[in-house]
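Visitor: I am new to this structure and would like to learn how to read it. Please take me through a few features one at a time.

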Amino acid sequence: MSDWISLAASQSYPAGTLYVVATPIGNVADLSLRALHVLGLADAVACEDTRNTGQLLSRVGLQRPLVAVHEHNEREAAGRIAERLAAGERIAYVSDAGTPGISDPGARLVEAVRAAGHPVVPLPGPSAAVAALSVAGDLLDAGAGRFTFAGFLPPKPKARTEAIARLAALEHAWVCYEAPHRIADTLAALAAGLPGERRLLVGRELTKLFEDIAVVPVAQAPAWLAADPNRAKGEFVLVVEGAGSAAADGVPDAEAQRVLALLLAELPAKRAAKLAAAITGAETGALYQLALAQRAGDAGD
Ligand code: SAM
């Protein structure tokens with residue numbers, strides 16, 4: 001058992017370096033051996049929320065000085081961290097959960113530290129998106145493994161509908177995050193904006209007690225969610241199957257969507273779809289569905 005930690009300790013961890021450390025997304029045992037070692041070695045742990053990180057450290061028996069670095073002070077805090085690195089300290093940076101910089105702060109700190117000439121070293125580990133993708137099977141481009149990370153979809157209906165329309169045209173799978181208070185709206189928007197047979201993986205509470213992973217055709221996703229009130233609880237990551245060959249799926253490509261959006265600003269949905277089809281060669285029916293989804297989004301704003 002004690003040998004495990006010496007596996008991590010046998011590597012060198014230069015001083016004057018910022019270590020960007022991934023932390024668990026729910027199960028504390030997912031903290032890697034290297035993460036554990038570096039958190040123990042660091043002169044300070046910079047973090048999004050000192051209370052949250054304090055709890056994580058105490059669960060693994062560590063006590064380190066904590067420095068708050070969050071959205072609102074990232075630039076100035078980065079300056080102070082760069083000074084500490086210049087003085088030869090090792091600083092670890094963690095976000096609240098998962099991998100820093102992935103729908104989380106961290107990018108500005110990394111930029112500032114690198115610009116000041118100090119090394120930045122990643123300690124890879126959990127990320128909700130990658131965990132969901134790893135069990136997405138052939139939703140993930142029949143095994144070729146390409147995907148697009150979409151982060152959080154926009155919360156406003158119109159912007160969300162537009163984002164879904166753009167993502168719908170992707171040949172490969174895409175993955176996004178969602179919060180419990182928006183999951184019902186988002187599944188409804190996906191059902192309205194995507195061909196109904198597209199498969200959707202809903203990953204809920206990954207690595208936690210109530211972990212739940214379901215794959216459903218997108219048209220059935222709203223009903224699936226409504227069938228059990230527990231299904232709307234917790235944190236979500238969604239993986240949406242790609243269009244494959246966009247033509248076969250009938251999803252208009254990005255150019256057809258652009259033309260449709262321009263015409264929709266001036267014309268009724270049916271007329272706009274017909275003209276966009278004539279101009280771009282995309283299917284009238286698919287353009288009309290998209291136009292209706294867009295109008296529904298506009299009305300919801
Ligand atoms: N940096 C994190 C990562 O690498 O996954 C993501 C941070 S983002 C602010 C938080 C979102 O990630 C949550 O709202 C949820 O959508 C997703 N998420 C985090 N933990 C999760 C989990 N255990 N199961 C499912 N989704 C999760």
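Visitor: Which residues are linked in a network of salt bridges?

Guide: A word on the source before the answer: this is a predicted model. The network is made up of D138, R199 and E241. R199 takes part in both pairs: its side chain meets that of D138 at 3.0 Å, N to O, and its closest approach to E241, again between N and O atoms, is 2.9 Å.

Visitor: Where in the chain do R199 and D138 lie?

Guide: R199 belongs to strand β8, residues 199–204, while D138 sits in the loop between α6 (128–134) and β6 (147–152).

Visitor: Let us turn to sheets. In what ways can strands pair?

Guide: Strands of a sheet are paired through backbone hydrogen bonds, and the pairing is either parallel or antiparallel. Here, five strands make an open sheet of mixed pairing, in the order β6-β7-β10-β8-β9. At the edges are β6 and β9 (212–217), each of which pairs on one side only. On average, neighbouring strands of this sheet are turned by 15° against each other, direction ignored.

Visitor: In which sense do β6 and β7 pair, and over how many bridges?

Guide: The pairing of β6 with β7, residues 173–178, is parallel and has four bridges. Within it, T148 stands opposite W174 in β7.

Visitor: Which helix packs on the sheet, touching β7, β8 and β10?

Guide: Helix α8, residues 183–193, does so, and its direction makes about 5° with that of β10.

Visitor: How many residues does the largest nonpolar core have?

Guide: That core has 24 residues, and those with the most contacts inside it are W174, L187, L190, L194, L200 and L238. Two or more residues come from each of α7 (157–168), β7, α8, β8, β9, α9 (221–226) and β10. Helix α8 gives the most, with four residues.

Visitor: Which residues is L194 in contact with, leaving aside its neighbours within four places in sequence?

Guide: They are I164, A168, W174, V218 and V240. W174 is also among the core residues with the most contacts.

Visitor: Which bridge partners does C47 have in β4 and β3?

Guide: In β4 the partner is V94, and in β3 the partner is A68. β2 and β4 run parallel, joined by four bridges, and β2 also pairs in the parallel sense with β3 (residues 66–68), over three bridges. From β2 the chain passes through helix α3, residues 50–59, to β3, in a β-α-β crossover that is right-handed.

Visitor: Last, the backbone angles. What is phi of S103, and what is phi of T207?

Guide: S103 has phi near 50°, and T207 has phi near 70°. Each value is positive in a residue other than glycine. S103 is in the loop between β4 (91–94) and α5 (107–115), and T207 is in the loop between β8 and β9. S103 is partly exposed at 33%, and T207 is partly exposed at 24%.

Technical notes:
Residues are numbered from 1 along each chain as its sequence is written. This is a predicted model: local features need pLDDT of at least 70, side-chain atom pairs count only at pLDDT 80 or more; totals for chains, interfaces and linings use all residues. Side-chain values use heavy atoms; hydrogens and water are left out. A salt bridge is a side-chain nitrogen of Lys or Arg within 4 Å of a carboxyl oxygen of Asp or Glu. Two strands pair if DSSP finds at least two bridges between them. Axes are lines fitted to C-alpha atoms, for helices over the stretch in contact, and angles run from 0 to 180 degrees between N-to-C directions. Contact means heavy atoms within 4.5 Å. A nonpolar core is a set of buried Ala, Val, Leu, Ile, Met, Phe, Trp, Tyr and Cys residues joined through side-chain atoms within 4.5 Å. Buried means under 20% relative accessible area, exposed over 50%, partly exposed in between (1.4 Å probe, protein chains only). A crossover is right-handed if, with the strands pointing away from the viewer, the path from the first strand over the helix to the second runs clockwise.
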